[in-house]
Amino acid sequence: MMMTDEQEVRQATLRLLEEVDFEKVGGVAFRGEQYDRGLAFVHHPVGLGGLAASPALQGVIDELLANANIPPAFASNPIGVGMGAPTVMTYGSVDLQQRLLRPLFTGEEIWCQLFSEPGAGSDVASLATRAIRDGDEWILNGQKVWTTLAHVARWGMLVARSDPEAPKHRGLTYFVLDMRAVGVEVRPLRQITGEAEFNEVYLTDVRIPDTMRLGDIGRGWSVAITTLMNERASIGGVVMPRSSGAIAEAIGAFRTMGSPSSGLDQLMQLWCSTEALRLTSLRAAAQRQQGNPGPEGSVVKLANAELNQKIYEYCIDIQQDASLLYPDYTMRRPEFAGVHGDTSSRSMAQAFLRSRANTIEGGTSEVMRNILGERVLGLPGEPRSDKELPWSQIPR
Ligand SMILES: Cc1cc2nc3c(=O)[nH]c(=O)nc-3n(C[C@H](O)[C@H](O)[C@H](O)COP(=O)(O)OP(=O)(O)OC[C@H]3O[C@@H](n4cnc5c(N)ncnc54)[C@H](O)[C@@H]3O)c2cc1C
């Protein structure tokens with residue numbers, strides 16, 4: 001059944017809330033029902049978590065669920081819901097979509113992203129992990145790094161080099177990796193906050209069936225771009241209610257520690273910037289016609305990262321000596337990761353330290369500015385002397 005009407009989507013969501021008690025059944029079962037009723041990814045086809053409706057109607061569902069205090073699926077599986085689902089939907093076979101999307105949405109199977117390597121971050125297309133075809137399988141060898149949540153992930157989005165003689169963007173192939181496969185080794189990397197949200201992942205003779213490939217052989221870069229565009233949109237694109245999140249913490253800090261002569265002007269400026277960014281995010285979300293976002297995701301990601309850092313700098317400044325104490329530096333392995341860290345138990349000092357990563361994760365601010373310069377403003381591109389060289393001949 002094709003459902004495009006806002007009223008019908010609204011009623012279906014209200015019925016879900018009426019018939020399924022989140023508190024009683026728990027998050028996994030609730031999200032399972034949401035998926036089965038087509039209210040998970042409303043623009044997906046029927047049977048794959050959607051109703052073949054306009055993507056804009058997802059906002060109606062999400063708002064009703066948020067008003068009922070139902071945590072979003074994104075919170076339980078940020079990389080899966082934000083990046084894995086749109087990539088599988090765009091490039092996966094129907095079999096893969098049927099196998100992967102439901103447990104991804106319910107949070108039963110967590111996802112991670114295996115792109116960055118020790119020698120390939122901003123220039124991820126220069127990556128060196130090798131994929132060699134062996135019959136119906138591929139054999140993978142290499143090392144990934146900064147892999148958020150790899151320690152709890154069941155599936156990883158992985159880009160590897162299948163043809164070293166092709167130019168760097170054209171010799172890549174994209175896979176969904178079973179993180180339990182033989183030869184996958186996950187080692188924690190500890191961050192400035194004391195936590196290890198991310199990891200190194202070593203791949204030694206790991207076998208991946210060809211059925212787990214997304215997109216054509218050698219066309220992995222196009223698939224990766226879909227993932228990255230969705231990453232930027234999902235890192236910066238969550239539209240929070242007015243005066244919530246980091247700015248609410250800043251207002252709280254001012255109420256306990258501040259005085260009109262100590263930071264009120266600055267707080268007002270931060271509030272105005274937050275509100276302007278919130279409205280920009282709303283406009284960007286409304287403009288998004290398709291499931292996959294364009295460069296507007298980079299605008300919001302860039303502005304959000306820099307504003308978040310300024311707000312937590314303000315919070316630390318205003319709390320003076322009190323903020324210098326770091327309460328808990330024991331090694332922790334969070335099961336959730338987001339741009340604000342694990343907000344369930346963190347201190348202001350921890351939020352401040354975690355915010356340093358905002359201008360690096362999901363692409364650095366310098367790289368976001370390059371993208372905006374080239375793709376939005378139409379400025380000349382950076383010189384890319386290695387673009388047409390076979391990857392094997394690029395000095396490393
Ligand atoms: C908290 C966190 C979580 C992460 N999670 C993941 C994950 O789950 N999966 C994953 O694959 N990766 C992840 N990353 C990695 C992240 O994507 C990379 O760190 C990022 O893309 C930058 O790459 P790099 O660290 O290699 O720095 P480099 O690319 O070496 O950059 C170093 C510096 O040079 C600048 N620079 C580089 N190229 C240019 C250019 N062309 N123009 C101007 N300046 C430039 C950069 O802005 C930066 O300041 C995570 C990173 C962080 C901090």
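**Notebook: ligand shell and selected residues**

I began with the ligand and counted 18 residues around it, the closest being Ser122, Trp146, Thr148, Thr364 and Glu366. I note at the outset that the model is a predicted one.

**Entry 1. Ligand.** I looked up the polar side-chain atoms facing the ligand. For serine 116, I found such an atom 2.7 Å from a ligand nitrogen. Asparagine 370 likewise places a polar side-chain atom 3.1 Å from a nitrogen atom of the ligand. For threonine 364, I recorded 2.6 Å between an N or O atom of the side chain and a ligand oxygen. I then looked up the cover: of the 970 Å² of accessible area that the ligand has on its own, the protein covers 68%.

**Entry 2. Domains.** I consulted the domain assignment, which divides the chain into domain 1 (6-106), domain 2 (111-224) and domain 3 (225-376). Which domains each give at least three residues to the shell around the ligand? I found that domain 2 and domain 3 each do so. I also took the separation of the C-alpha centres of domain 1 and domain 3, which is 26 Å.

**Entry 3. Tryptophan 146.** I returned to this residue, as it is listed among the closest to the ligand. I located tryptophan 146 in the loop between strand S3 (137-145) and S4. Its phi is near 60°, a positive value in a residue that is not glycine.

**Entry 4. Asparagine 199.** I placed this residue in strand S7 (residues 198-209). Is asparagine 199 buried or exposed? I class asparagine 199 as buried because its relative accessible area is 0%, and the cut-off for buried is under 20%. I listed its contacts beyond four places in sequence; they include Val145, Trp146, Thr147, Leu149, Ala150 and His151. The list continues with Val186, Arg187, Pro188 and Leu189, and it also holds Arg333.

**Entry 5. Glutamate 165.** I found this residue in the loop between strand S4 (155-161) and strand S5 (172-178). Leaving out residues up to four places away in sequence, glutamate 165 touches Pro390 and Ser392. With serine 392, I recorded a polar contact between the two side chains at 2.8 Å. I also took the C-alpha separation of glutamate 165 and phenylalanine 352, which is 44 Å for two residues 187 apart along the chain.

**Entry 6. Serine 243.** I located serine 243 in the loop between helix H8 (220-236) and helix H9 (246-257). Serine 243 has a positive phi of about 60° although it is not a glycine. I class serine 243 as partly exposed because its relative accessible area is 33%, which lies between the cut-offs of 20% and 50%.

**Entry 7. Arginine 278.** I found arginine 278 in helix H10 (residues 264-287). I class arginine 278 as buried because its relative accessible area is 17%, and the class requires a value under 20%. What does the side chain of arginine 278 make a polar contact with? I found the side chain of glutamate 275, at 3.0 Å. Not counting residues up to four places away in sequence, arginine 278 touches Val239, Met240, Pro241 and Arg242.

Terms used: Residues numbered from 1 in each chain as written. Predicted model: local features only at pLDDT ≥ 70, side-chain atom pairs only at ≥ 80, totals over all residues. Heavy atoms only, no water. Near = heavy atom within 4 Å. Polar contact = N/O pair within 3.5 Å; in protein donor to acceptor, adjacent residues only side chain to side chain. Areas by Shrake-Rupley, 256 points an atom, 1.4 Å probe, with all protein chains shown as cover. Domains from an automatic or database assignment. Helix = DSSP H or I, 4+ residues; strand = E, 2+ residues; numbered from the N terminus. Buried < 20%, exposed > 50% of the residue type's maximum accessible area, 1.4 Å probe, protein only. Contact = heavy atoms within 4.5 Å.
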